[in-house]
Amino acid sequence: RCLQAGDCDELEELWITVLPQTKEIRFSHHGRRIKVNARVVEEYETADGEVEEISRNYFASCAPMNDVYYFGEDVFDGDGNPMPDAWLAGRAGARPGIIMPDRAFLLGSRYYQEIAPNAQDRAEHSSMGFEVEVPAGVFHNCVEIIETSPLEPGHESPKTYCPNVGMVR
């Protein structure tokens with residue numbers, strides 16, 4: 001978090017890794033039992049080199065539209081203790097959300113990414129078709145999504161995604 005340019009009180013880093021593991025998730029949808037093998041995506045967060053949080057998120061794409069659905073996450077603090085923001089589709093009324101639509105990506109679209117009592121992130125498509133330059137390179141045809149949650153009124157989290165790369169900022 002920087003107070004002004006060049007004056008940061010700590011260095012925060014986030015490493016996102018698609019792991020080879022999958023997790024079987026079972027839930028009901030309109031009276032049908034559904035089983036999904038979701039890919040495990042790990043988020044590893046540090047502040048000044050100290051582990052703050054590790055989460056294992058569960059994603060799967062759905063044919064034929066290729067939307068990517070979010071089925072939950074297990075979250076641990078830097079000492080490996082479970083944290084209360086974990087959720088999983090099929091437990092305690094939680095349902096899958098959409099993390100990224102494919103063909104139906106329309107400017108202004110809104111949807112829930114997380115649908116659980118303790119996790120209710122929502123997304124809105126705020127900009128699309130622009131170029132982004134970051135230390136890893138220049139990416140084209142990117143999109144910006146603003147995330148909000150009724151659990152944190154007034155807080156907005158903008159994220160930029162680029163094709164064939166994922167989140168770049």
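Cys142 sits in strand E11. Strands here are DSSP runs of at least two residues, numbered from the N terminus; helices (H or I) need at least four. I also took the C-alpha separation of Cys142 and Gly31, which is 38 Å for residues 111 apart along the chain.

I note that the model is predicted, so local features need pLDDT of at least 70 and side-chain atom pairs pLDDT 80 or more, while totals for chains, interfaces and linings use all residues. Residues are numbered from 1 along each chain as its sequence is written, and side-chain values use heavy atoms, with hydrogens and water left out.

Core. I looked for the largest nonpolar core and found 16 residues in it. Such a core is a set of buried Ala, Val, Leu, Ile, Met, Phe, Trp, Tyr and Cys residues joined through side-chain atoms within 4.5 Å. Which residues touch the most other members? They are Trp87, Met100 and Ile145. Strands E8 (97–100) and E11 (137–148) each supply at least two residues of this core. The most comes from E8, which gives three residues. In soluble globular proteins, nonpolar side chains tend to be buried together.

Met167. I placed Met167 in strand E13, residues 166–167. Met167 counts as partly exposed, at 31% relative accessibility.

Salt bridges. I counted five, taking a salt bridge as a side-chain nitrogen of Lys or Arg within 4 Å of a carboxyl oxygen of Asp or Glu. I recorded Lys35 with Glu24, where the closest N and O atoms are 3.9 Å apart. Lys35 is in strand E4 (residues 32–47) and Glu24 in strand E3 (residues 12–29), so this pair ties together parts eleven residues apart in sequence. Glu24 is partly exposed at 41%.

I then checked Arg56 and Glu42, whose side chains meet in a salt bridge at 3.4 Å, N to O. The pair links distant parts of the chain, with Arg56 in strand E5 and Glu42 in strand E4, 14 residues apart. Is Glu42 buried or exposed? Glu42 is buried, with a relative accessible area of 16%, whereas Arg56 is partly exposed at 30%.

Next I noted Arg110 with Glu124, closest N and O atoms 3.3 Å apart. Arg110 belongs to strand E9 (residues 110–112) and Glu124 to strand E10 (residues 122–134), so the parts tied together are 14 residues apart in sequence. Arg110 is exposed at 65%, and Glu124 is partly exposed at 30%. I also found one network, in which salt bridges with shared partners join Glu24, Arg26 and Lys35.

Surface charge. I found a negative patch formed by Asp9, Asp48, Glu50 and Glu52. Patch residues have over 30% relative accessible area and no salt bridge, with like charges joined within 9 Å and nonpolar side chains (Val, Leu, Ile, Met, Phe, Trp, Tyr) within 5 Å. Glu52 lies in strand E5, residues 50–62. Glu52 is partly exposed, with a relative accessible area of 45%.

Methods. Areas by Shrake-Rupley, 256 points an atom, 1.4 Å probe, with all protein chains shown as cover. Lys, Arg positive; Asp, Glu negative; His and termini not counted. Charge placed at Lys NZ, Arg CZ, Asp CG, Glu CD. Buried < 20%, exposed > 50% of the residue type's maximum accessible area, 1.4 Å probe, protein only.
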